[in-house]
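Colleague: Hi! Could you walk me through this one? I'm still new to reading structures.
Modeller: Happy to, let's open it up.

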Amino acid sequence: MPIFRYADPEGAVQHGLLHPDGSRERLQGSLFEQQLPCGEAAAVARLLAPLEPRALLCIGLNYRRHAAETGAAIPQRPVLFMKSPGAVQDPGAPIELPTALASHQVDYEAELAVVIGRRCKNVGVEEALAAVLGYTCANDVSARDWQKRPELGGGQWCRGKSFDTFAPLGPVLVPTAELPDPQALAISTDLNGERVQHGHTSDMIFSVAEIIAFLSGSTTLLPGTVILTGTPEGVGMAATPPRWLRPGDVVSVGIEGIGTLTNPVIAEPASAPGDASTSA
């Protein structure tokens, strides 16, 4: 059954189990060790991202039709970039459009997120899925001007994709036993109720297993590593005219067998005087 993470009314962070009837039960134990239902209803004050990632590894240009819509060549190997773990945002919490370091071309990207459950290195494609704890939805929010425009530095993938709130995750983590084939899932984005992305994980250039094998080559993947596996066609920058996120928008990423991750969009609030983010 799906696992979720939440803050209870006292502010303590807990994990819970989502039952088929919609009831929610508190779990005891660590996400990466044994977790046991405790027979107690989960008192959910606020739904959180399913985990705090150890690392956020991301694959670009991994859907054939997305590569085609952007005019990019099919890569010979997975294209790796990273997002800051500090960019993670909770389900239902806002995506903030940067204002202090301004961006005017913020885009959505529906992605299947893979959560590594055990330490692994140099795993083969055939064994790779055994390292996976489960799957969740992700929105690889991207500031295209910082990512692509030469006058802002050009090629600033990590800068353009690591602003605060640019990595919503959730709403639940679905164990691998319930999603045995990650290449058999419909994936979509709705923007203000309009379907703007609609794809299928079978369109991936590199499968989840191939991505894990590549990323673990001569490199240890730790439990809690989250891998974003690319986005299907329909991103805002490929629309005519481009469709950039604006305050007041609502973005929903849906993946078959997992659920829907919804976030409103706001402008980045002004920092309060004395905020640590403004100090030298």
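Colleague: Where is P171 found?
Modeller: P171 is found in strand β14. Keep in mind that this is a predicted model.

Colleague: And what kind of peptide bond joins G170 and P171?
Modeller: That one is a cis peptide bond, with omega about 0°. The bond from T240 to P241 is cis too, and its omega is near -5°.

Colleague: Where does P241 lie?
Modeller: P241 is in the loop between β17 and β18.

Colleague: While we're on the backbone, what about the phi of L61?
Modeller: L61 has a phi near 50°, which is a positive value in a residue other than glycine. You'll find L61 in the loop between β6 and α1. S218 is another non-glycine residue with a positive phi, about 55°, and S218 sits in the loop between α4 and β17.

Colleague: Are those two buried or exposed?
Modeller: L61 is partly exposed, because its relative accessible area is 22%. S218 has 62% relative accessibility, so it counts as exposed.

Colleague: OK, switching to helices. How many residues of α4 are buried?
Modeller: Six of the eight residues in α4, which covers residues 208–215, are buried, so the helix is mostly covered, given that buried means under 20% relative accessible area. The buried ones are V208, A209, I211, I212, A213 and L215.

Colleague: Which residues touch the most others in the largest nonpolar core?
Modeller: That core has 36 residues, and L112, Y135, I212, I227 and I258 touch the most other members. Several elements each supply at least two residues of this core, including β1 (3–7), β14 (167–175) and β18 (250–255). Helix α4 gives the most to this core, with five residues.

Colleague: How far is L57 from L228?
Modeller: The two are 171 residues apart along the chain, yet their C-alpha atoms are separated by 6.3 Å.

Colleague: What about V132?
Modeller: V132 lies in strand β12. With 7% relative accessibility, V132 counts as buried. Setting aside residues up to four places away in sequence, V132 touches V114, V115, G117, T176 and I212.

Colleague: And S188, what does it touch?
Modeller: S188 is in strand β15 (residues 186–191). Not counting residues up to four places away in sequence, S188 touches A110, R195, Q197, H198, S252, V253 and G254. S188 counts as buried, because its relative accessibility is 10%.

Colleague: Last one: how much space lies in the second largest pocket?
Modeller: About 180 Å³. Of the 18 residues that line this pocket, the closest to its centre are L61, H66, Q147, K148 and W157. So L61, with its positive phi, shows up here again, as you can tell because it is partly exposed at 22%.

Colleague: Which helix gives the most to that lining?
Modeller: Helix α2 gives the most to the lining of the second largest pocket, with three residues. By type, the lining residues divide into six nonpolar, six polar and six charged.

Technical notes: Residues are numbered from 1 along each chain as its sequence is written. This is a predicted model: local features need pLDDT of at least 70, side-chain atom pairs count only at pLDDT 80 or more; totals for chains, interfaces and linings use all residues. Side-chain values use heavy atoms; hydrogens and water are left out. Buried means under 20% relative accessible area, exposed over 50%, partly exposed in between (1.4 Å probe, protein chains only). Helices (H or I, at least four residues) and strands (E, at least two) are DSSP runs, numbered from the N terminus. On a 1 Å grid over the protein atoms alone, a cavity is a set of points where a 1.4 Å probe fits but cannot get out, and a pocket is an open set with protein on both sides within 12 Å along at least five of seven lines; lining residues have an atom within 4 Å of a point. Grid points are joined across faces, edges and corners, and a volume is the space filled by probe spheres set on the points. Ala, Val, Leu, Ile, Met, Phe, Trp, Tyr, Cys and Pro count as nonpolar, Asp, Glu, Lys and Arg as charged, and the others, Gly among them, as polar. Contact means heavy atoms within 4.5 Å. A nonpolar core is a set of buried Ala, Val, Leu, Ile, Met, Phe, Trp, Tyr and Cys residues joined through side-chain atoms within 4.5 Å.
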